[in-house]
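Please look through the sequence and the model below before reading on. The text then goes through strands, aromatic pairs, a surface patch and salt bridges.

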Amino acid sequence: MPGDAADAAVETVQREMTAFARRARASAGRMHPELSLVSYTLLGHLEERDGCRATDLAAHYALDKSTVSRQVSALERAGLVERRPDPEDQRVQVLHLTRAGRRILAQVTESRRAAFRERLADWPQEDLIRFAAYLERYNAWRGGPRGEGPDRGTPSGTYG
């Protein structure tokens, strides 16, 4: 029956993405002991956006404000993030990477890229392109109870 094959494929996708998430969380600690996968994700977003408010991070990742607040506080204590007044509204605080935050993010990003390149080194180019397109398509889905959208998956490494 065709449904059985599709059900089996969905189960395989779920199992493999869970394994991927576990591996990603574990490797984050090896890349930099003090930088969790969540922290790495938040730092990357701050760099990409050249700073943003904590509420923007919470909305982007569909996370509770208290969760983001704890993560941001830890990043501030580590000297990786700083708050600056918004030039357009002095009442608003915008989070920015510090020099140390940029340096550590660059180191971890390069380590992660090297690990991915090594793992995918023997894949044909067509497979890599197809895999990248499938991941983009999967992450662009806007359905679900929390309305995840592009790049709005949970940075904790859970999928679904």
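Is phenylalanine 116 buried, partly exposed or exposed? With a relative accessible area of 37%, phenylalanine 116 is partly exposed, where buried means under 20% relative accessible area, exposed means over 50%, and partly exposed lies in between (1.4 Å probe, protein chains only). The areas come from the Shrake-Rupley method with a 1.4 Å probe, and for residues only the protein chains shown count as cover.

This is a predicted model, in which local features need pLDDT of at least 70 and side-chain atom pairs count only at pLDDT 80 or more, while totals for chains, interfaces and linings use all residues. Residues are numbered from 1 along each chain as its sequence is written, and side-chain values use heavy atoms, with hydrogens and water left out.

Strands come next. Strand S1 (residues 81-86) and strand S2 (residues 89-97) run antiparallel and are joined by six bridges; two strands pair if DSSP finds at least two bridges between them. Helices (H or I, at least four residues) and strands (E, at least two) are DSSP runs, numbered from the N terminus. Two residues separate S1 from S2 in a hairpin. Valine 81 has leucine 97 of S2 as its bridge partner.

A pair of aromatic rings is described by the distance of the centres and the angle of the planes. Rings of Phe, Tyr and Trp (its six-membered ring) pair if their centres lie within 6.5 Å; planes under 30 degrees apart count as stacked, over 60 as edge-to-face and the rest as tilted. By this rule there are two aromatic pairs. In one of them, the ring centres of phenylalanine 20 and phenylalanine 116 are 6.5 Å apart and the planes are at 45°, so the pair is tilted. Because phenylalanine 20 lies in helix H1 (residues 2-31) and phenylalanine 116 in helix H5 (residues 99-119), this pair ties together parts that are 96 residues apart in sequence. Phenylalanine 20 is partly exposed, at 34% relative accessible area.

Tryptophan 123 and phenylalanine 131 also form a tilted pair, because their ring centres are 5.3 Å apart and their planes are at 55°. Tryptophan 123 is partly exposed at 35% relative accessibility, and phenylalanine 131 is partly exposed with a relative accessible area of 36%.

Trp123 and Phe131 belong, with Leu135, to a nonpolar surface patch that has about 260 Å² of accessible area together. Patches are made of residues with over 30% relative accessible area and no salt bridge: like charges are joined within 9 Å, nonpolar side chains (Val, Leu, Ile, Met, Phe, Trp, Tyr) within 5 Å. Leucine 135 sits in helix H6 (residues 125-139) and is partly exposed, with 35% relative accessibility.

How many salt bridges does the structure hold? There are nine, a salt bridge being a side-chain nitrogen of Lys or Arg within 4 Å of a carboxyl oxygen of Asp or Glu. Among them is the one between arginine 15 and glutamate 16, at 3.6 Å from N to O. Glutamate 16 is partly exposed at 43% relative accessible area, and arginine 15 is partly exposed at 46%.

Another joins arginine 49 to glutamate 48, with the closest N and O atoms 2.8 Å apart. Arginine 49 is partly exposed at 42% relative accessibility, whereas glutamate 48 counts as exposed at 57%. Glutamate 110 and arginine 117 also meet through their side chains in a salt bridge of 3.6 Å, N to O. Here glutamate 110 is partly exposed at 41% relative accessibility and arginine 117 is exposed at 53%.
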